[in-house]
Amino acid sequence: MPDILHLLNGDSTRLLLEASGLEGDHCVWPDVMSDGPTLPEVGSEAYWDIRKGYMTQAFDISEAQYLEKAQGEFRKLEGFRNYAEVVLWFEYDLFCQINLLTIMHWFKNQEH
């Protein structure tokens with residue numbers, strides 16, 4: 001079993017983590033939860049539909065680009081049980097705190 005999954009707040013943190021040589025796999029939280037509509041069923045088909053609608057309108061990204069990146073990173077997170085430890089890398093700003101709340105809500109709803 002791999003030791004650590006680092007769940008990161010963004011790609012800039014991913015670059016720093018990779019450069020640091022810190023061991024473990026990484027996953028970047030794939031969304032901006034402080035903006036736009038969402039649903040409590042994080043990761044559901046309805047969730048992806050509502051988020052891709054917002055993200056493609058708010059940012060210069062196609063539906064395919066958004067879904068490929070966001071769902072790809074989310075699939076890594078769904079494999080969290082394959083790790084001995086999950087480390088969350090989030091800061092105190094609104095962007096990070098809303099994303100962290102979303103992640104904690106998602107973890108709470110996973111079967112133990």
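# Reading a predicted fold, step by step

Mentor: Let's start with the parts list: this protein has four helices and three strands. Helices (H or I, at least four residues) and strands (E, at least two) are DSSP runs, numbered from the N terminus. Before we go on, this is a predicted model, where local features need pLDDT of at least 70 and side-chain atom pairs count only at pLDDT 80 or more, while totals for chains, interfaces and linings use all residues. Residues are numbered from 1 along each chain as its sequence is written, and side-chain values use heavy atoms, with hydrogens and water left out.

Trainee: In what order do the elements of the protein run from the N terminus on?

Mentor: Read them off as β-α-β-α-α-β-α.

Trainee: What radius of gyration does the protein have, and what would a compact globule have?

Mentor: The radius of gyration is taken over C-alpha atoms, and the globule rule is 2.2 Å times the number of residues to the power 0.38. For 112 residues, a compact globule would come out near 13 Å, and the protein's 14 Å agrees with that. The C-alpha trace spans about 35 × 35 × 30 Å along its principal axes.

Trainee: What share of the contacts with a separation of 6 or more is between residues 24 or more positions apart?

Mentor: A contact means heavy atoms within 4.5 Å. Here the share is 54%.

Trainee: And how many of the residues count as buried?

Mentor: Buried means under 20% relative accessible area, exposed means over 50%, and partly exposed is in between (1.4 Å probe, protein chains only). In this protein, 33% of the 112 residues count as buried.

Trainee: Why does Trp48 count as buried?

Mentor: Because its relative accessible area is 7%. Trp48 sits in helix α2. Leaving aside neighbours within four places in sequence, Trp48 is in contact with Gly43, Tyr66, Leu67, Ala70, Gln71 and Phe74. Thr38 is 10 residues from Trp48 in sequence, and their C-alpha atoms are 8.8 Å apart.

Trainee: Is Phe107 buried or exposed?

Mentor: Phe107 is buried, as its relative accessible area is 17%. You'll find Phe107 in helix α4 (residues 94-108). If you skip residues up to four places away in sequence, Phe107 touches Leu77, Phe80, Val86 and Leu88. Now try a distance: Phe107 and Val42 are 65 residues apart along the chain, with 10.0 Å between their C-alpha atoms.

Trainee: What is the C-alpha separation of Ser20 and Val42?

Mentor: That one is 31 Å, for 22 residues along the chain. Ser20 lies in helix α1 (residues 11-20), and its relative accessible area of 48% makes Ser20 partly exposed.

Trainee: Where is the place of Leu39?

Mentor: Look in the loop between β2 (25-28) and α2 (45-58). Leu39 counts as partly exposed, at 26% relative accessibility. Not counting residues up to four places away, Leu39 touches Ala46, Tyr47 and Ile50.

Trainee: How much space lies in the largest pocket?

Mentor: On a 1 Å grid over the protein atoms alone, a pocket is an open set of points where a 1.4 Å probe fits, with protein on both sides within 12 Å along at least five of seven lines; lining residues have an atom within 4 Å of a point. The largest pocket holds about 230 Å³. It is lined by 14 residues, and the closest to its centre are Trp29, Pro30, Asp31, Met55 and Lys69. Helix α3 (residues 63-78) gives the largest share of the lining, three residues.

Technical notes:
Points joined across faces, edges and corners; volume = space filled by probe spheres on them.
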